[in-house]
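Subject: Structure handover

Hello,

Here is the structure I promised you. Please open it next to this email and follow along.

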Amino acid sequence: MSSKTLINVYYDAQCPLCRQERRRYERWSGRHAKDIGWLDVSENEQALCAKGVDPAVALRSLHVETEQGQLIEGIDAYRLLMKRVPLLVPVAWLIGLPGIKPALRTLYDVWVKRRLQKQGRWPL
């Protein structure tokens, strides 16, 4: 039995790269993969709204919900997810460093906007 608690990851299942990343995280998580619930933003809009999250915002930034119900967003959500994968723990530490975290957030935001524009789903 795992010592880690369940987290739920709200992700864009319409995005091919996002689905590929999900499969990669599941593979790398090994036996801990069951500790991560993957929820499609589009199929969970009401649940997100009930938690105070606009589904359009959830499509633009990864959201992770802890077992206690706390929602973590953006780079911090990625860090929490990466900490579940032993191989990625050093990366989670690295991207949290001052200077790196804000730069990654800016790059991520630009990438998501371009991806959604290309798919005809921007503006949300």
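Start with how helix packing is described. Axes are lines fitted to C-alpha atoms, for helices over the stretch in contact, and angles run from 0 to 180 degrees between N-to-C directions. Helices (H or I, at least four residues) and strands (E, at least two) are DSSP runs, numbered from the N terminus.

Two notes on the source. This is a predicted model: local features need pLDDT of at least 70, side-chain atom pairs count only at pLDDT 80 or more, and totals for chains, interfaces and linings use all residues. Residues are numbered from 1 along each chain as its sequence is written, and side-chain values use heavy atoms, with hydrogens and water left out.

**H4 against H6**

The axes of H4 and H6 come within 10 Å and cross at roughly 105 degrees. H4 and H6 are therefore roughly perpendicular (65 to 115 degrees; under 35 is roughly parallel, over 145 roughly antiparallel, the rest oblique). Ile75, Asp76 and Tyr78 of H4 make the contact (heavy atoms within 4.5 Å) with Lys101, Leu104, Arg105 and Tyr108 of H6. Of these residues, four are nonpolar, none polar and three charged. Here Ala, Val, Leu, Ile, Met, Phe, Trp, Tyr, Cys and Pro count as nonpolar, Asp, Glu, Lys and Arg as charged, and the others, Gly among them, as polar.

**Salt bridges**

A salt bridge is a side-chain nitrogen of Lys or Arg within 4 Å of a carboxyl oxygen of Asp or Glu. How many salt bridges does this rule give? The count is eight.

One of them pairs aspartate 76 with lysine 101, with the closest N and O atoms 2.6 Å apart. Aspartate 76 is in helix H4 (residues 75-82) and lysine 101 in helix H6, so this pair ties together parts 25 residues apart in sequence. Aspartate 76 is partly exposed, at 31% relative accessible area. Lysine 101 is also partly exposed, at 28%. The cut-offs: buried is under 20% relative accessible area, exposed over 50%, partly exposed in between (1.4 Å probe, protein chains only).

Another joins arginine 105 and aspartate 109 at 2.9 Å, N to O. Both lie in helix H6, four residues apart, about one turn of the helix.

Now aspartate 12 and arginine 121. Their salt bridge has its closest N and O atoms 2.4 Å apart. Aspartate 12 lies in the loop between strand E1 (7-11) and helix H1 (16-29), and arginine 121 in the segment after helix H6 (100-118), so the pair ties together parts 109 residues apart in sequence. Are the two buried or exposed? Aspartate 12 is buried at 4% relative accessibility, and arginine 121 is buried at 16%. Asp12, Arg115 and Arg121 are linked in a network of salt bridges.

**Serine 61**

Serine 61 sits in the loop between helix H3 (55-60) and strand E3 (63-65). Serine 61 is buried, at 3% relative accessible area. Leaving out residues up to four places away in sequence, serine 61 touches Glu73, Gly74, Arg105 and Tyr108. Its side chain makes a polar contact of 2.4 Å with the side chain of glutamate 73. A polar contact is a pair of N or O atoms within 3.5 Å; within protein, one must be able to donate a hydrogen and the other to accept it, and residues adjacent in sequence count only if both atoms are side-chain atoms. A polar atom of the serine 61 side chain also lies 3.3 Å from the backbone nitrogen of glycine 74.

Best wishes
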